[in-house]
Amino acid sequence: MGILHEDVVMIRRSEKEGEPTEITINCPDKTGLGCDLCRIILFFGLSIVKGDVSTDGKWCYIVFWVIGDSETRWSLLKRRLVEACPSCSSASGISFYCSGLLPTKPPEVFLLTLCCHDRKGLLHDVTRVLSDLELTIEKVKVSTTPDGRVVDMFFITDTREHLQTSERKNETRKYLETVLGDAMIDCEIEKAGSEITASSQAPSFLPSEVTEDSFLLEMPTQLPSGSLMSNSVSIAFDNSLSPAHTLVQIICQYHKGLVYDIMRTLKDYNIQISYGRFTIKQKRHCEIDLFIVQADGKKIVDTSKQKSLTSRLELELRRPIKVAIVSRGPDSELLVTNPVELSGKGRPLVFFDITRALKMLNTGIFSAEIRRHIIGGREWEVYRVLLDEGDISIVPRSKIQEGVWKTLMGWE
């Protein structure tokens, strides 16, 4: 089965402002493809408001309707989606499925060291530049010196895989200079050697608020301010409607990355979606129908497996990201955690949204770091942001926690 390369992904822009753009993907199938595509869409800051997925196990047809920023780079998004599709042996302009694709090697990690004069919103401006340049932040170490300077160390990977070239490095420096202006003092980009990555992976102390099961597993319904976090999640299994598939019906409240959270959970469980439909009604109410099978192509009839999947989906849909503010001596620290896919990929734009929320709250950042930790048998990305002590008395803790949470969930 073949398809013209330019037709693997088709994007039809909406004619009216505010209406969704239609993205159609027509390509060979693989387990986890939906998760990979949704992750790319989320990386570009777009939200899926409706979707249809169908596959015969070998070939899939997917349609997503998305809304987002008017500045979305649609041609680049299309290129990234095409690259994620498991096709690409070409002959006479036709792409065919290759079942024996070689595993891809992990991307090279580079260290970006940035020295700047401190100012409000500086860190968010840097993360925005890196996002625009398709540079993914793997880890970060940010500190403020007594003389008011900020030293930022970003461990980054390049989606374009060109950061080893002088042209790409110069492009990054010039973009940072343009955005940061006189605040920028120095910028260095180098390949992260083993001795650098080893020191960055040194274990760090985690406060009990993160390591306790209550922070990761409990599902409260409101923030300290009393505002609701999420409505209840309803998940039902039905094996009577299809002779070959299990139907999973999900009713929940919308949040940014909702479809990605469902897809990555099914990918981690090695579950294949044969047909699925997603609909968001009245902006917040979501209805999802999924006809699924296990890796062996059979229904999920084991009640213990159904309960396990239900519990994981409830957790991921109620609290896909955990947010708390804790005391760190006399200071306040913002903690944000989210699970890492079994493939090793983290959630896109989390640090970007954290810094954006703090900028909107006019709250400074004294230091920040991102590290990965194994907690409760799962790998988590843990974001630790030490807030500027002078700003805490101005903005209440509860307002900071709620503001960050709403930004991450897309509820601004």
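This is a predicted model: local features need pLDDT of at least 70, side-chain atom pairs count only at pLDDT 80 or more; totals for chains, interfaces and linings use all residues.
Modeller: Residues are numbered from 1 along each chain as its sequence is written, and side-chain values use heavy atoms, with hydrogens and water left out.

Colleague: How many salt bridges does the count come to?

Modeller: Side chains of opposite charge can pair when their charged atoms come close. A salt bridge here is a side-chain nitrogen of Lys or Arg within 4 Å of a carboxyl oxygen of Asp or Glu. By this rule the count comes to 29 salt bridges.

Colleague: Which residue forms a salt bridge with Glu 316, and is Glu 316 buried or exposed?

Modeller: The partner is Arg 264, with the closest N and O atoms 2.8 Å apart. The pair links distant parts of the chain, 52 residues apart, with Glu 316 in helix H9 (residues 303-318) and Arg 264 in helix H8 (residues 258-268); helices (H or I, at least four residues) and strands (E, at least two) are DSSP runs, numbered from the N terminus. Buried means under 20% relative accessible area, exposed over 50%, and partly exposed in between (1.4 Å probe, protein chains only).

Colleague: What is the relative accessibility of Arg 168, which forms a salt bridge with Glu 171?

Modeller: The closest N and O atoms of Glu 171 and Arg 168 are 3.0 Å apart, and the two residues are separated by about one helical turn because they lie 3 residues apart in helix H4 (residues 166-180). Glu 171 is partly exposed, with a relative accessible area of 33%. Arg 168, however, counts as buried, its relative accessibility being 4%.

Colleague: What is the volume of the largest cavity?

Modeller: A cavity is a set of points, on a 1 Å grid over the protein atoms alone, where a 1.4 Å probe fits but cannot get out, and lining residues have an atom within 4 Å of a point. Grid points are joined across faces, edges and corners, and a volume is the space filled by probe spheres set on the points. The structure holds 4 cavities of 30 Å³ or more, and the space in the largest is about 160 Å³.

Colleague: Which residues lie nearest the centre of the largest cavity?

Modeller: Helix H1 (33-43), strand E4 (47-55), strand E5 (59-67), H8 and strand E14 (272-281) each give two or more residues to the lining of the largest cavity. Of the 17 residues in that lining, those nearest the centre are Gly 32, Leu 33, Gly 34, Met 263 and Ile 273.

Conventions
On a 1 Å grid over the protein atoms alone, a cavity is a set of points where a 1.4 Å probe fits but cannot get out, and a pocket is an open set with protein on both sides within 12 Å along at least five of seven lines; lining residues have an atom within 4 Å of a point.
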